[in-house]
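Subject: A structure to look through

Hello,

Here is the structure I promised to pass on.

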Amino acid sequence: MSGSLNPTALVRLLGGWHRGAGPAYRELADVVRLLILDGRVPLDMALPSERALAETLGVSRTTVTAAYASLREQGFLSSRQGSRGRTCIPRQMPAGAGGPAAAELISPNALAGAPGLAAPPGLLDLAYASLPASGEVVHRAFAAALTELPALLPGFGYDAVGIAPLREAIAARYTAAGAPTTAEQILVTSGAQHALNIVLRTLAGRQDKVLVDHPTYPHALDAIRASGCRPVPVALPHGRGWDVAGMESAMMQQRPKMAYVVPDFHNPTGRLMTDPQRRRLVRAAAAAGTVLVVDETLRELNLDAVGAAPLAAFSPAVVTIGSLSKSHWAGLRTGWIRAGSSLIQRFAAARTTMDLGGPVVEQLAAAHLVRSLDEPLPARLAALRENRAALLELLGGILPDWEPERPDGGLSVWCRLPAPISTALTVLGPDFGVRLAAGPRFGLGGAFEHYLRIPFTLPPGQLETAVRALRSAQDKLDSAPRLRRSLRRTPAVAIA
Ligand SMILES: Cc1ncc(COP(=O)(O)O)c(C=O)c1O
């Protein structure tokens with residue numbers, strides 16, 4: 001994404017940047033560097049001119065000049081002659097923390113959190129909670145899809161709701177799970193993120209409030225903010241479950257247009273909402289006139305075989321989002337929306353402003369995968385159970401003052417840290433061989449500096465290397481309090 005950042009937007013992101021922990025220019029440079037590393041300032045953005053930023057920040061121009069010079073020196077700002085510096089990532093991370101310099105080249109997109117890119121060779125990726133494809137099963141589904149394709153070739157190929165066999169297969173899956181569903185209630189999308197954008201575009205307008213779990217899935221927060229809506233966070237209680245009473249009162253007082261919840265193996269905590277809580281939530285949403293949007297992307301990753309009916313089974317008004325990204329492979333880019341059939345028609349109309357339908361071969365393959373959804377799951381779940389046990393044991397042994405929460409399912413452990421060091425660990429991580437996503441990515445207003453999400457998608461051997469790397473990064477911070485202070489900052493992210 002290229003563009004330019006105006007001084008007011010940058011100052012808002014900078015929050016309380018000046019903590020008196022060192023020269024002002026260095027603090028300013030450190031905070032801008034963290035914003036770039038954390039993806040909160042995108043790459044290839046022109047920063048404000050020195051004069052404009054100095055004026056808006058109320059600091060001397062020399063401070064900004066020196067901060068920009070330092071960012072250029074470290075490779076975070078391009079220095080094209082005569083033009084404003086653009087944000088970038090150094091080809092080699094500076095060994096600024098005094099730890100071993102990262103031997104590997106750092107991919108700008110990987111550091112900035114762009115989806116779908118693997119960490120560079122040599123870095124263990126704990127930033128993504130995603131698995132490789134269940135290869136053999138996916139491959140077979142595509143082979144079958146190719147043999148079925150000729151029958152569809154005489155058609156135009158445009159279909160804003162999705163091909164019939166896939167809609168039928170998804171509907172049958174809901175029916176079997178206790179939420180009777182017809183194909184007319186399904187719209188096929190290019191993944192759950194696409195689905196959420198369609199729902200937001202159809203049902204919410206600028207300035208509308210959207211209730212969210214806090215913490216929650218970062219790209220959902222991005223989508224909500226990008227649509228001009230205002231996220232209303234309701235904190236998940238420490239350690240267990242949902243604060244449904246808190247959600248009820250937020251709904252009654254704030255009357256949000258929508259509530260976005262992830263009740264099935266919530267990202268990042270891995271929690272599962274109980275049936276009584278589901279019932280209460282549906283009632284509260286109906287009473288407040290709030291549309292309940294339920295993201296079931298992780299629903300199949302049920303590690304303890306505890307059951308919960310899909311939220312759609314409790315009310316026909318629920319809008320459900322699903323995806324094959326976690327059960328099979330994110331590279332399929334196939335998801336869906338389940339809702340009442342007239343709402344599906346509105347979603348289809350809204351969708352055509354973004355795209356005119358999904359690719360047909362992918363949908364044919366997806367129909368096979370949905371019909372035999374249970375086939376790849378046992379092996380996937382067994383590996384995840386083993387990884388989860390290994391990660392919890394490693395954390396207990398190597399980082400005993402960290403407090404990991406045991407997830408019911410999903411792909412990650414949400415871990416409370418002994419100090420607000422999540423961003424600092426994330427910045428140091430590549431020096432020690434791991435790529436992380438800082439806790440504040442999962443919340444609003446810089447919350448969750450005390451938390452780190454640790455996926456258990458790597459095999460136990462690699463998890464051990466990763467946890468030892470986290471230990472080394474923490475030791476580095478413990479032995480360098482000044483470094484820790486300068487890296488510890490939580491810029492107030494604007495709550496739109
Ligand atoms: C809760 C949640 N929703 C949506 C997504 C994105 O899913 P998709 O790849 O289908 O767009 C993810 C991916 O991590 C997720 O965890």
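**Backbone notes**

Glutamine 207 sits in the loop between α8 (192–203) and β5; helices (H or I, at least four residues) and strands (E, at least two) are DSSP runs, numbered from the N terminus. The model is predicted, so local features need pLDDT of at least 70 and side-chain atom pairs count only at pLDDT 80 or more, while totals for chains, interfaces and linings use all residues. Residues are numbered from 1 along each chain as its sequence is written, and side-chain values use heavy atoms, with hydrogens and water left out.

Although it is not a glycine, glutamine 207 has a positive phi of about 75°. Arginine 255, also not a glycine, has a positive phi of about 45° and is found in the loop between α10 (244–254) and β7. Arginine 255 counts as partly exposed because its relative accessibility is 45% (buried means under 20% relative accessible area, exposed over 50%, partly exposed in between, with a 1.4 Å probe and protein chains only).

There are cis peptide bonds to look at too. One runs from histidine 214 to proline 215, with omega near 15°, and proline 215 is in the loop between β5 (209–214) and α9 (218–226). Another runs from asparagine 267 to proline 268, with omega near 20°; proline 268 lies in the loop between β7 (258–261) and α11 (275–288). For background, most residues other than glycine have a negative phi, and most peptide bonds are trans.

**The ligand**

Of the 13 residues around the ligand, Ala192, Asp295, Ser323, Ser325 and Lys326 come nearest (a residue is near a molecule if one of its heavy atoms lies within 4 Å of it). A ligand nitrogen atom is 2.6 Å from an N or O atom in the side chain of aspartate 295. Ligand oxygen is 2.6 Å from a side-chain N or O atom of serine 323, and an oxygen atom of the ligand is 2.7 Å from one in the side chain of serine 325.

**The core**

The largest nonpolar core has 42 residues, and Trp402, Leu425, Ile454 and Leu470 have the most contacts inside it. Such a core is a set of buried Ala, Val, Leu, Ile, Met, Phe, Trp, Tyr and Cys residues joined through side-chain atoms within 4.5 Å. Domain 2 (124–132 + 377–487) and domain 3 (136–371) both contribute residues, so this core lies between them; the domain bounds come from an automatic or database domain assignment.

Best wishes

Technical notes:
Polar contact = N/O pair within 3.5 Å; in protein donor to acceptor, adjacent residues only side chain to side chain.
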